[in-house]
Amino acid sequence: MTDAAAEPLISSNRGYPHDARHGEDSAEDVEADESALVSPGLFIWGLTICAGVSGLLFGYDTGVISSTLISIDTSLSHRSLTTLDKSLITSSTSFFALLASPLTGILADALGRRSIILIADILFVAGALIQAFSTTVSGMIVGRSVVGAAVGSASFVVPMYISELAPSAFRGRLVTVSSLFITGGQVVAYTVGWIFSTRAHGWRWMVGLGALPAAIQFCLLFALPETPRYLVKVGRKEHARRVLRKVYGKGEGMEALVNGVLRRVDKEIREEEEAADDRNVAQAAKTSWKAKFSRVNDKFLQLVNVGGNRRALIIACMLQGFQQLCGFNSLMYFSATIFRLLGFSSPTLTSLSIALTNLAFTLVAFHAIDRLGRRRILLSSIPVMLLALLLSATAFHFLALPPAATAPEHASTHPPQHLAAPPRPFWLVVILLALMLYVAGYAVGLGTVPWQQAELFPLAVRSLGSALATATNWAGNTLVGLTFLPMMDVLTPTGTFAVYAGVCVVAWGCVWRVYPETAGLGLEDVARLLARGWGVGESVEGFEARRRRSGALR
Ligand SMILES: O[C@H]1[C@H](O)[C@@H](O)[C@H](O)[C@@H](O)[C@H]1O
């Protein structure tokens, strides 16, 4: 992309503080100006969409497995898949995502953010091809594991890449584009699964198709820049300035914004270097492996020992943990099983309605996240999830599904043989509506907000912090995937959904207590806020003031 692609971000009749126009802005003025930006501009949209393709692959590769499993039949190792085969094929992806995210978190500081997206693309292509051509169960597990490593790397680096490039006023919305791609990828996966599941060897196409967007993204990425924050960090300030000029465009007052961002990043790096000197980090021996290890070790200690970093880590891991432990992915992986058990005549189509609701309400999040703020969205959407889960638990109770009937092999009989009495249509409708309400509440809040994680951390520990939070996400994902069916058996469906409702209550309390409002704050300002404490009251007041100010400017 060229400079010409950048368009003015602020309408020409806007007023600016005098000093901001002349490049002598204070941090506060920069903030005031950013709240007057009217659109992110073509350049940043292009970057976001191109990077977002990784989200599509994340959604596609995690969503496609349910239809793949029911279509493989005897084409692997000349036998039907056992329950163990199915579990290993499914959980190898989330397990390798869990392993890969901390590792690439370290690499993203050494090689840059964009390089990690490139590496993830190579893994996506390799994993898709290994799966498509595998003839044995173990070959398939290897393919799923390679895809898992790709998903783990991409899921943490893409939101961070977008966060570090986006102007503060649109950061939430632009990061949410990658969530839109994830949920869109899941819809595509369900649709592709539905189309190919009846064809001979259709599953090979299902898993192989994932290679295509990855290959396209790999080629496009060469035209994309590194993030300005990373460039300043590695001493390429002029290059960072050129990227920021493209991000902010050529409108009036833009050079002041560019200078403001560079100054804040510089300041943060200087403070970090001073702190590192205080901790006696050996700078001279930067190149030896021992020294590199000691730097990673130092970063980890810095993450957990420095108050602001620790608070950021707690919030990011907490939100990612709740995103998974509230049980959403049990629907993603097993909704077809549940709907078949309940006697729906087209369970895969009914599952598609879950994926579509998820996509539609992620779009609502996209519109609301910077306007309403992350905190307010979570505090109002989690109670909706809670209500919907309690409603589903009640409906399951009245449908009296016997626990043993929840084992997947029972799910193949239609009409369902396991129900004591024919399901009552009223409660079936209640379950379907309640699950959709739950998904809607999830997509608006917990499904989207935790991916804003990168904004919580200062540059020095952003990569490692985001990676650890992403690993928490994948740990929760693996746990829910492994425990859902046993919980349905042991606790009954009513008990299982009540447990997820309990998680929502705890999540609401924790968000209310410790999650500050970060919408509209510059990345460097979030770090300062958390350095002083949780900053909940202060940040909410600041957010309201910024809203009033940008309302007045518009
Ligand atoms: O944010 C995403 C999204 O909500 C997906 O639908 C879900 O499957 C993922 O686990 C989550 O991380």
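Predicted model: local features only at pLDDT ≥ 70, side-chain atom pairs only at ≥ 80, totals over all residues.
Figure 1. Look for histidine 201 in the loop between H8 and helix H9 (202-208). Its backbone deserves a glance too: phi of histidine 201 is near 55°, a positive value in a residue other than glycine. For context, most residues other than glycine have a negative phi.

**Figure 2. Aspartate 73, an exposed residue with a positive phi.** Here the view moves to the loop between helix H4 (65-72) and helix H5 (83-111), where aspartate 73 sits. Aspartate 73 isn't a glycine, yet its phi is positive, at about 55°. Why does aspartate 73 count as exposed? Its C-beta neighbours inside 10 Å number 12, and a residue with 12 or fewer is classed as exposed.

**Figure 3. The shell of residues around the ligand.** The residues around the ligand are Ser179, Ile182, Thr183, Gln186, Gln323, Asn329, Met332, Asn358, Gly447, Trp451, Asn473 and Asn477. Helix H8 (171-196), helix H16 (328-342) and helix H20 (459-514) are the elements that each give two or more residues to this shell. H8 supplies the largest share, with four residues. Two domains take part: domain 1 (52-224) and domain 3 (301-554) each contribute at least three residues to the shell.

**Figure 4. Where domain 2 touches domain 3.** The domain assignment divides the protein chain into domain 1 (52-224), domain 2 (226-272) and domain 3 (301-554). The C-alpha centres of domain 2 and domain 3 are 35 Å apart. Their contact takes seven residues from domain 2 and six residues from domain 3. On the domain 2 side, the elements giving two or more residues are helix H11 (228-233) and helix H13 (254-278). H13 provides the largest share of that side, five residues. The make-up of the domain 2 side is five charged residues, two nonpolar and no polar.

**Figure 5. Helices H15 and H21 crossing.** The axes of helix H15 (residues 307-325) and helix H21 (residues 523-532) come within 7 Å and cross at roughly 105°. That angle falls in the 65 to 115 degree range, so H15 and H21 are roughly perpendicular to each other. On H15, the contact is made by Gly307, Gly308, Arg311 and Ala312, and on H21 by Ala527, Leu530 and Ala531. Sorted by type, the residues of this contact are four nonpolar, two polar and one charged.

**Figure 6. Isoleucine 377, a buried residue of helix H18.** Isoleucine 377 lies in helix H18 (residues 374-399). With 22 other C-beta atoms within 10 Å, isoleucine 377 is buried. Which residues does isoleucine 377 contact, leaving aside its neighbours within four places in sequence? They are Ala365, Ala368, Ile369, Leu372, Val444, Gly445 and Val449. Valine 449 is 72 residues apart from isoleucine 377 along the chain, but their C-alpha atoms are separated by 8.4 Å.

**Figure 7. Stepping back to the protein chain.** The protein chain has 22 helices and zero strands. Of its 554 residues, 54% count as buried. Among contacts between residues at least 6 apart in sequence, 83% join residues at least 24 apart.

Conventions:
Residues numbered from 1 in each chain as written. Domains from an automatic or database assignment. Contact = placed C-beta atoms within 7 Å. Nonpolar A, V, L, I, M, F, W, Y, C, P; charged D, E, K, R; others polar. Near = placed C-beta within 6 Å. Buried ≥ 20, exposed ≤ 12 C-beta atoms within 10 Å, placed from the backbone. Axes fitted to C-alpha atoms, helices over the stretch in contact; angles between N-to-C directions. Parallel < 35°, antiparallel > 145°, perpendicular 65-115°, else oblique.
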